[in-house]
Amino acid sequence: MVWAILSIKVENKPGILFKVTHLFRSRNFNIDSISVGVTEDKKYSRMTITTFGDEKQITQIVKQLDKMIDTIEVHRLDVNNSVYRELVMFKIKVTKPEDSMEINKLASAYSAKIHDAKKESIIVEMTATPHQISAFEELAKKFGLIEMARTGITALEREKHEH
Amino acid sequence: MSDNNKMESMIGAAALMKSLEKEGVKEVFGLPGGANLPMYDELGKSNIRHILVRHEQSAAHMADGFGRVSRKPGVCFATSGPGATNLLTGIATAQADSAPMVAVTGQVPVAMIGRDAFQESDIIGMANPALKYSYQPRTPEEIPIMVKQGFYIAETGRPGPVLLDIPKDVQQNEGKFTFPDEVRVPGYHPWADPDITNTARAVELLLSAQKPIILAGGGVIISSAFAELQSIAELLMIPVVTTFKGKGSFPENHPLSLGPIGMHGHAEANKLMTEADCVLAIGTRFSDRSVGTFAEFEKNLKIIHMDVDPAEIGKNQTTSVAVVGDVRASLRIFGKMLMDKAVRTSDDNPWLKHVKEVKQYWRENLKLHPGEMGAAKILRKLRELLPKESIVTTEVGQHQMWASLFFDAIHPGTFFSSTGLGTMGWGFPAAIGAKTARPNVPVVDIAGDGSFNMTENSLATSVLEDLPVIVFLINNNSLGMVAQWQRTFYNRRMVGVDLKKCPDYVKLAESYGAQGLRAQSMDELSNAIKTALKSDIATVIDIPIDPEEDVLPFVAPGTGLKDMILPS
């Protein structure tokens with residue numbers, strides 16, 4: 001099983017997210033995460049979908065997506081040569097006054113931001129790789145993780161050559 | 001700017017008819033209802049012929065049959081809600097067999113969409129996985145470009161069904177129109193450029209094989225690559241098997257023809273397919289019904305795969321060389337490369353000798369049903385009396401597989417069946433659609449009673465619209481294929497398969513104003529076929545057979561072609 005990041009440029013029209021996700025369902029593929037937003041050209045949106053599968057399955061997903069008429073470009077990003085990040089919000093429990101300080105310290109170690117610091121809880125916002133997010137999640141669990149919300153990965157590939 | 005590009009005022013429904021006329025549409029199959037009345041009103045004023053069906057599913061199958069035969073999209077009309085959902089099976093059938101179709105449905109007015117209005121259904125959402133593409137115009141002005149694009153998408157590349165779902169107010173509202181002569185669809189690339197490098201590799205690989213075979217699929221028929229296929233097979237003296245959908249891609253009376261492989265393939269075809277060391281597979285998706293288990297099929301076999309659809313490469317089978325592109329174009333390059341190499345194979349090689357022996361053995365020794373009205377005998381009689389250029393469709397079940405085994409398709413592209421979705425009830429309306437496309441040749445639906453039951457009300461269309469086809473009804477008073485599986489895999493516990501001789505098909509045909517004939521002996525059968533061929537009304541030939549007759553050979557699901565069950 002490999003993890004793949006697919007970057008899909010689609011026409012910015014209603015109904016296309018439905019068709020893309022429907023394709024995953026009807027072809028028996030799984031979506032690990034999905035994020036969608038408009039591109040530099042307002043005519044197009046970019047969907048970033050991460051998925052797991054064997055090489056044969058990933059190749060097949062890319063081909064099926066490519067075949068869709070509404071997709072303009074489909075790229076499987078080189079995971080080692082891409083910048084990929086996810087935004088996450090943690091609502092962490094504060095039980096004793098020291099917790100608050102420790103959470104603050106932890107957040108700054110991860111370059112995360114603190115929001116809505118209350119007596120009972122703190123919201124931490126962080127942009128990171130899924131790996132870093134998992135690491136932070138483990139640490140946050142020690143205090144008590146009330147809620148978590150993730151956006152799914154968005155990514156761009158680095159330029160391959162120096163110009 | 002040409003005159004075509006002048007702005008014209010009319011309502012959306014009129015623009016639809018004008019757009020269809022511009023696409024060369026001469027007939028549509030359909031049934032009116034509340035949400036497509038504006039279309040029907042304009043249809044009545046146009047030069048397009050309307051062929052009225054008695055159920056929308058049949059309209060879709062007729063459009064499908066028309067499309068497969070003419071290789072231009074067949075058009076079907078239905079109203080919103082149940083009208084549209086009744087099309088669904090027909091749309092899915094066309095998608096599974098890559099048939100060009102444009103379905104036009106009425107929809108509730110834009111302002112009512114999403115409010116669970118009367119006869120509202122989200123047909124685009126429902127049909128999405130069974131469609132090549134879909135459109136729902138929100139203004140009348142969008143209609144001409146959507147029709148133009150829709151036809152282009154439906155008939156190019158790997159063909160398929162396109163849905164145009166038009167809200168009633170969009171049909172009724174006035175607009176100012178231009179009718180485009182050309183369209184661009186940015187994300188759609190129906191044909192890859194001919195792949196010279198891989199074609200050269202394919203040539204090398206095939207020439208290096210000791211036991212080569214050609215597997216011709218439905219893609220050969222869709223791209224009309226009959227002559228190209230035949231010349232390569234003859235030049236290299238390579239035997240040709242087909243998929244069931246590829247039946248009719250290579251003349252089955254040709255010395256190199258071995259017939260279809262698969263679950264009910266010819267014994268010689270299945271046997272030799274498993275012995276081959278290299279296959280040139282053309283326009284096929286390696287359906288499980290054709291190849292059995294995937295891993296078993298590709299064992300010790302080098303696969304050269306030519307297909308128009310890049311997503312088919314590597315989907316079911318691992319390929320050694322893939323050539324993506326229109327198979328006719330690819331085969332032309334392939335053939336030219338062979339000519340340049342001045343390759344010629346004599347028929348004096350051990351593989352071909354073996355092929356001939358195996359073929360001859362099974363043609364002489366396959367045990368057939370002993371009765372006078374055995375399936376092989378009646379289908380061979382039909383072949384003998386039917387002109388070679390006749391179009392044949394089938395329903396789905398035992399009769400279909402007997403047709404595959406015992407009815408040779410000789411002229412290119414004369415045999416059509418619901419091979420992918422396996423839709424019972426497809427053959428009869430598809431035959432009517434085929435007759436519409438090819439009114440001057442006989443069209444025969446090889447049917448079973450269970451399947452014919454499903455769309456038999458199309459007799460009204462066949463009679464009233466003067467589209468006479470012959471229903472060759474192989475009648476075992478049961479859902480025969482299911483009965484065969486119950487006999488084979490479920491210890492003869494027969495559940496829900498006995499149709500109890502109901503209805504009387506002769507009387508049924510007559511009640512629709514068609515001709516009903518019953519054939520209980522070979523003499524009666526010959527007479528009935530001759531009478532039907534001379535008749536200018538639809539004819540149902542009811543042919544009672546032994547309900548216990550099985551289709552053999554049989555490759556059980558989940559096994560390989562080498563494990564086929566033969567008649568004992």
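## Basis of the model

The structure is a predicted model, in which local features need pLDDT of at least 70 and side-chain atom pairs count only at pLDDT 80 or more, whereas totals for chains, interfaces and linings use all residues. Residues are numbered from 1 along each chain as its sequence is written, and chains are lettered from A and ligands numbered from 1 in the order in which they are written.

## Chain A

Chain A contains four helices and nine strands; helices (H or I, at least four residues) and strands (E, at least two) are DSSP runs, numbered from the N terminus. Their order along the sequence is β-α-β-β-α-β-β-α-β-β-α-β-β. The C-alpha trace of chain A spans about 55 × 40 × 35 Å along its principal axes. Of the 163 residues in chain A, 25% are buried. A residue is termed buried if 20 or more other C-beta atoms lie within 10 Å of its own, exposed if 12 or fewer, and partly exposed in between, with C-beta atoms placed from the backbone.

Strand 1 (residues 2-11) of chain A pairs with strand 3 (residues 44-53) of chain A in the antiparallel sense, over ten bridges; two strands pair if DSSP finds at least two bridges between them. In this pairing, Ala4(A) stands opposite Thr51(A). Strand 1 of chain A also pairs with strand 4 (residues 71-77) of chain A, again in the antiparallel sense, over six bridges. Here the bridge partner of Lys9(A) is Glu73(A).

## Chain B as a whole

Chain B has 23 helices and 20 strands. Its radius of gyration, 24 Å, is close to the 24 Å that the globule rule gives for 568 residues, so chain B is as compact as a globular protein of that length. The radius is taken over C-alpha atoms, and the globule rule is 2.2 Å times the number of residues to the power 0.38. The C-alpha trace of chain B spans about 70 × 60 × 40 Å along its principal axes, and buried residues make up 55% of the chain.

Residues count as being in contact if their C-beta atoms, placed from the backbone, lie within 7 Å. Among contacts in chain B between residues at least 6 apart in sequence, 76% join residues at least 24 apart; the corresponding share in chain A is 71%.

## Domains of chain B

Chain B is assigned domain 1 (3-177), domain 2 (196-364) and domain 3 (368-551), with bounds that come from an automatic or database domain assignment. The centres of domain 1 and domain 3 of chain B, taken over C-alpha atoms, are 31 Å apart. Each of these two domains contributes 24 residues to the contact between them.

On the domain 1 side, strand 2 (27-30), strand 3 (49-52), helix 3 (56-70) and helix 4 (82-96) of chain B each supply at least two residues. Helix 3 of chain B provides the largest share, eleven residues. By class, this side has ten nonpolar, nine polar and five charged residues. Ala, Val, Leu, Ile, Met, Phe, Trp, Tyr, Cys and Pro count as nonpolar, Asp, Glu, Lys and Arg as charged, and the others, Gly among them, as polar.

## Local features of chain B

Helix 1 (residues 12-22) of chain B is largely enclosed by the rest of the structure, because eight of its eleven residues are buried. Among them are Leu16(B), Met17(B) and Leu20(B). Gly24(B), with a positive phi near 85°, follows this helix.

Leu272(B) lies in helix 11 (residues 267-275) of chain B and is buried, with 23 other C-beta atoms within 10 Å. Leaving aside neighbours within four places in sequence, Leu272(B) is in contact with Ile213(B), Pro239(B), Leu258(B), Val355(B) and Val358(B).

## A parallel sheet in chain B

Six strands of chain B form an open sheet in the order 16-15-17-18-20-19, with parallel pairing. Strand 16 (415-416) and strand 19 (515-518) of chain B are the edge strands, each pairing on one side only. Five bridges join strand 17 (residues 443-448) to strand 18 (residues 470-475) of chain B, and Ile446(B) stands opposite Phe472(B).

## Contact between the chains

At the interface, 13 residues of chain B are in contact with 14 residues of chain A. The chain B side divides into eight nonpolar, three polar and two charged residues.
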